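Please open the model in your viewer and keep the selection panel at hand.

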Amino acid sequence: LSDQFEGTELDPKWELVNASPENPPTVGGGHLTMPIIPGDLFGGNGSAQMVLQQVPTDESWVATAKIAHATIDTNGEAAGLALINSLEPNHFVKTALQYKNDTDPDTAGDQPGKWAERVLTSDGSAVTLPGETVPWPNSGALDLEGDYAWVRFVYDEAAQEISTWTSTDGTSFVQFGLEIPVDQYLSQPGGLRVGLFAKHDGSGDDVVQIDAFNVVAGSTDPQ
């Protein structure tokens with residue numbers, strides 16, 4: 001499942017979903033170049049262009065994306081991981097690095113920056129889990145001193161839960177948001193597909209480079 005994008009074409013193990021013929025993802029130079037184009041994975045909107053694979057079955061797994069974040073620089077731009085149970089009706093989760101005009105709404109004025117964000121959608125509606133106050137729990141502003149940011153899903157087969165994590169160095173990961181009960185929110189027929197997406201909310205097209213997609217099967221270790 002893992003992919004370091006070392007070739008010159010997208011590996012056929014990936015399924016391209018919501019394909020944009022004018023703006024397809026490309027591979028070269030050790031990167032997946034993902035177009036940042038209109039779309040989303042939020043509530044009734046499942047239109048983001050994605051590349052997906054089936055998750056490992058009947059076992060836990062950890063999936064991680066390594067994102068070169070420089071071009072995620074305008075409000076509403078995002079790139080990261082998609083976990084799709086079904087589309088129409090929409091049952092999915094996204095966890096992504098996203099640019100925000102204000103990463104600290106509780107403080108006066110705007111504090112622009114980037115945070116890691118998670119949104120769960122079930123039956124076409126964004127879900128605020130019990131114990132959370134918004135459907136987009138996040139890491140708060142990330143201190144991104146290097147060129148990369150990482151986002152991660154951890155699936156616990158025994159608990160039937162998904163958790164979301166982020167890192168600014170690829171080594172130390174911090175959880176944000178509560179665990180998602182998969183059997184409650186993502187239990188439509190067909191199982192789960194995991195992969196990568198990028199999107200914007202109308203700010204203008206761009207591209208983002210993703211240097212690695214790694215999956216570790218049989219593990220729930222977030223580090």
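Does Asp-123 count as buried or exposed? At 57% relative accessibility, Asp-123 counts as exposed; here buried means under 20% relative accessible area, exposed means over 50%, and partly exposed lies in between, with a 1.4 Å probe and protein chains only.

This is a predicted model, in which local features need pLDDT of at least 70, side-chain atom pairs count only at pLDDT 80 or more, and totals for chains, interfaces and linings use all residues. Residues are numbered from 1 along each chain as its sequence is written, and side-chain values use heavy atoms, with hydrogens and water left out.

**Stop 1: two residues with positive phi**

Keep Asp-123 selected. Asp-123 lies in the loop between β8 (113-122) and β9 (125-126). Its phi is near 55°, a positive value in a residue other than glycine.

Next, select Gln-160, which is found in the loop between β10 (148-156) and β11. Gln-160 is not a glycine, yet it has a positive phi of about 55°. With 25% relative accessibility, Gln-160 counts as partly exposed.

**Stop 2: a cis peptide bond**

Select Glu-88 together with Pro-89. A cis peptide bond joins Glu-88 and Pro-89, with omega about 10°. Pro-89 sits in the loop between β6 (78-86) and β7 (91-100).

**Stop 3: two threonines**

Select Thr-26, in strand β2 (residues 26-28). Thr-26 has a relative accessible area of 41% and is partly exposed. Which residues does Thr-26 contact, leaving aside its neighbours within four places in sequence? They are His-31, Leu-32 and Thr-33, where contact means heavy atoms within 4.5 Å.

Now move to Thr-171, in the loop between β11 (161-167) and β12 (174-181). Thr-171 is exposed, with a relative accessible area of 56%. A distance drawn from its C-alpha atom to that of Asp-156, 15 residues away along the chain, comes to 20 Å.

**Stop 4: the whole chain**

How many helices and strands does the chain have? There are 1 helix and 14 strands; these are DSSP runs numbered from the N terminus, helices being H or I of at least four residues and strands E of at least two. The radius of gyration is 16 Å, close to the 17 Å that the globule rule gives for 223 residues, so the chain is as compact as a globular protein of that length. That radius is taken over C-alpha atoms, and the rule is 2.2 Å times the number of residues to the power 0.38. Along the principal axes, the C-alpha atoms fill a box of roughly 45 × 45 × 35 Å.

**Stop 5: the interior**

Buried residues make up 51% of the 223 residues. In soluble globular proteins, nonpolar side chains tend to be buried together. Select Trp-61, Leu-83, Leu-196 and Phe-213, which touch the most other members of the largest nonpolar core, a set of 43 residues. Apart from it lies another core of 11 residues, among them Val-17, Ile-84, Phe-92 and Ala-96. A nonpolar core is a set of buried Ala, Val, Leu, Ile, Met, Phe, Trp, Tyr and Cys residues joined through side-chain atoms within 4.5 Å.
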